Amino acid sequence: RNSSAASDVYKRQQRTSLEEVREAEKLGVHFVTNAVVGSEGLQFSDIREQHDAVFIATGLGSTNRLNIPGEDLLGVIDALTFIERVKSREWHSVPLGRSIAVIGAGNTAIDAVTQAKRMGAENVMLIYRRTENEAPAYDYEKELAKKDGIRFYWQTTPLEIIGNANVEAMRCKAADGFVFDIACDQVIKAIGQVKTGSFFTDVCGVAVDKKGRVAVNEIMQTSDPKIFAGGDCVNGGGEAVEAAQMGKIAAQGIHLSLTGETVSFAGAI
């Protein structure tokens, strides 16, 4: 019912993003897209060798697994893939069920439930194993979801996704131990992402902490003085504004390491 309005919002967002890219290009930034570091012809060692400094901002990896029966049934998708398809505005490619269960309660989960509802899903539910007060999503995001008619199942733990080839229901357990089934034909996982520690240690050759996050100093410099890092790969998953701030600090650090000159950029600490 609100797909047209949502489309207009995405178009404005995309225009803004592309305008920022063009501004960066005017400064002389060269963009290489559709490239996988570590693949044939694009090794991290070559990137490091060919540049005076490298900044890693790869974020996190794939969505965590639920590790419950039925997780691999058709109709189970991770929230990042779902949202990526939505933001592409190629509506025919967006997998959309009639009755959708979204697992998780962060901002990504809220984004998934609201987009699914606005795209036309008849029944959208959010399932979270803790209380509403413990949900990490912003309060105003939760309020928006409530206004969109999303049904919330708090203190509810998924036990099994039921179906033959396709999703037909999800078996859950309430806080009091009561086990019940939720009818649905699609399950969207929004339960956080895997930290790709092996990529940082084995491919990039930098140290990570006990939680698999890239270890950096006060100027975002890693154990390799030539390599800097910031964003989710350093903090384990934070806000976009925090990642942007890390980028500014890293820019200062890179400038310092290359020139010995200390600079202060507007808006940076």
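This is a predicted model: local features need pLDDT of at least 70, side-chain atom pairs count only at pLDDT 80 or more; totals for chains, interfaces and linings use all residues.
View 1. Helix α4, made up of the 12 residues 107-118, reaches 16 Å from its first C-alpha to its last, which is close to the 16 Å expected at 1.5 Å a residue. Buried positions of α4 include Ala-109 and Ile-110, and the run from Ala-112 through Val-113, Thr-114, Gln-115 and Ala-116 to Lys-117 is buried as well. An α-helix has 3.6 residues a turn, so residues three or four places apart point the same way. After α4 comes Gly-120, with a positive phi near 120 degrees.

**View 2. The largest pocket and the elements that line it.** The largest pocket has a volume of about 1,500 Å³. Its lining is formed by 47 residues, and nearest the centre of the pocket lie Gly-106, Asn-107, Thr-108, Gly-192 and Gln-193. At least two lining residues are supplied by each of α3 (79-87), α4, α5 (139-147) and β6, with the largest share, 7 residues, coming from α4.

**View 3. Gln-155, a non-glycine residue with positive phi between two strands.** In the loop that joins β5 (151-153) to β6 (156-163) lies Gln-155, whose phi is near 50 degrees, a positive value in a residue other than glycine. With a relative accessible area of 37%, Gln-155 is classed as partly exposed, because this value falls between the limits of 20% for buried and 50% for exposed residues.

**View 4. Met-220, a buried loop residue with positive phi.** Met-220 is placed in the loop between α6 (197-203) and β10 (227-229), and its phi, near 65 degrees, is likewise positive although the residue is not a glycine. The relative accessible area of Met-220 is 7%, so this residue counts as buried under the 20% limit.

Note on methods:
Residues are numbered from 1 along each chain as its sequence is written. Side-chain values use heavy atoms; hydrogens and water are left out. Helices (H or I, at least four residues) and strands (E, at least two) are DSSP runs, numbered from the N terminus. The expected span of a helix is 1.5 Å times one less than its number of residues. Buried means under 20% relative accessible area, exposed over 50%, partly exposed in between (1.4 Å probe, protein chains only). On a 1 Å grid over the protein atoms alone, a cavity is a set of points where a 1.4 Å probe fits but cannot get out, and a pocket is an open set with protein on both sides within 12 Å along at least five of seven lines; lining residues have an atom within 4 Å of a point. Grid points are joined across faces, edges and corners, and a volume is the space filled by probe spheres set on the points.
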